[in-house]
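Open the model in your viewer and keep the selection panel at hand.

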Amino acid sequence: MTVEAPDRPAPTPPRGGGSRSYRGRERPAGGFELWSWLFMRVSGIVLLVLAVGHILIMHVIDEGVDRVDFGFVAARWGSPFWRSWDWALLVLALIHGVNGLRIVVQDYVRWAGLRFAVNMFFYVVGFGLFVLGTVVVFTFDPSEWPPTA
Amino acid sequence: MAKRTSDVGTLYKGSPGQWSWLAHRITGVAVILFLFAHVVDTAVVGWGPEAYDRVVAVYHNWVVKVLELGLVAAVLYHAINGVKIMVFDFWPLSTRHMRTLSLASTGLFLLSMLPITWIMGTSILETAGVL
């Protein structure tokens with residue numbers, strides 16, 4: 001990688017929130033985009049615990065995904081704590097992710113009609129998965145399948 | 001495509017932020033696309049042990065486990081770089097130390113990937129029958 005930008009102050013000297021010459025996206029001035037900007041950061045902080053914790057528990061420690069099967073999920077979701085964790089992760093990750101896709105689509109899909117269609121596709125998929133995930137997290141009852149059956 | 005030079009460097013902004021911006025974007029899109037599939041595969045648990053265990057067996061394949069390592073790396077990179085973005089956003093003066101903070105966050109990511117790659121890599125090799 002070239003080192004063409006040494007650590008020198010931005011050409012526009014920082015006045016107030018003067019990081020604009022370095023960052024790709026400025027903080028929006030107001031309205032929906034400001035709330036979206038804030039949501040990404042607040043949900044990001046929460047997902048730092050929920051998503052990174054989930055990843056470490058399910059994929060790294062203690063045999064990782066090898067130990068995951070129906071019995072594992074049944075035992076895990078026996079606890080309301082993990083059901084709540086997983087549901088919160090589902091909701092926040094879906095909104096954070098779909099909103100992220102919206103921002104990416106805004107940058108690359110330039111024709112308004114197609115942009116609307118692509119965004120709608122992700123909103124519908126996101127909402128559908130929110131409903132599916134919510135129903136499963138809260139209605140799952142392992143006693144419907146007794147181990148001896 | 002011809003490179004355009006701005007007063008901070010080449011193409012876009014040419015600073016480390018350009019690369020972390022791109023990596024943040026790629027890891028973010030990768031994770032949400034995986035999440036779409038992951039909600040569906042987890043939902044299968046509502047159809048009983050036979051169905052769920054068949055689906056989750058996919059994750060026990062060593063090739064899929066390599067992708068899984070990539071997923072863990074993507075989430076971790078996105079998380080650590082996200083913290084860096086928030087530091088810049090909420091303490092704008094910290095952008096004066098952008099190179100240092102970029103090095104620190106990249107270093108933290110690589111450092112945390114060391115034990116994870118060891119643990120998951122061992123599991124991959126065991127599953128593949130190499131170990």
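**Stop 1: a bent helix in chain B**

Select α4(B). The helix bends by about 30° at Leu114(B), and a proline, Pro115(B), follows within four residues. The bend is the angle between axes fitted to the seven residues ending at a residue and the seven starting there. This is a predicted model: local features need pLDDT of at least 70, side-chain atom pairs count only at pLDDT 80 or more, and totals for chains, interfaces and linings use all residues. Residues are numbered from 1 along each chain as its sequence is written, while chains are lettered from A and ligands numbered from 1 in the order in which they are written.

Helices (H or I, at least four residues) and strands (E, at least two) are DSSP runs, numbered from the N terminus.

Now colour Met98(B), Ser105(B), Met120(B) and Ser123(B), which are buried. Buried means that 20 or more other C-beta atoms, placed from the backbone, lie within 10 Å of the residue's own; 12 or fewer is exposed, and in between is partly exposed. What covers these buried residues? The cover includes α1 (31-60) of chain A, with α1 (16-43) and α3 (62-90) of chain B. Step just past the helix end: Gly129(B) has a positive phi of about 85°.

**Stop 2**

Zoom out. Chain B has 4 helices and 2 strands, in the order β-β-α-α-α-α from the N terminus. Of its 131 residues, 27% are buried. Among contacts with a separation of 6 or more, 64% join residues 24 or more positions apart. Two residues are in contact if their C-beta atoms, placed from the backbone, lie within 7 Å.

**Stop 2: α1(B) on α3(B)**

Select both helices. They pack at about 130°, with axes 9 Å apart. Axes are lines fitted to C-alpha atoms, for helices over the stretch in contact, and angles run from 0 to 180 degrees between N-to-C directions. The pair is therefore oblique. Angles under 35 degrees count as roughly parallel, over 145 as roughly antiparallel, 65 to 115 as roughly perpendicular and the rest as oblique. The contact residues include Ala23(B), Thr27(B) and Phe34(B) of α1(B), and Leu71(B), Val75(B) and His78(B) of α3(B).

**Stop 3: across to chain A**

Next, show α4(A), residues 112-139, with α1(B). Here the axes come within 10 Å and cross at roughly 30°. These helices are therefore roughly parallel. Val125(A), Leu129(A), Leu132(A), Gly133(A) and Val136(A) of α4(A) make the contact with Phe36(B), Val39(B) and Ala43(B) of α1(B).

**Stop 4: α3(A)**

Finish on α3(A), residues 80-108. Buried residues here include Leu90(A), Ala93(A), His96(A) and Gly100(A). Their cover includes α1 and α4 of chain A together with α1 of chain B.
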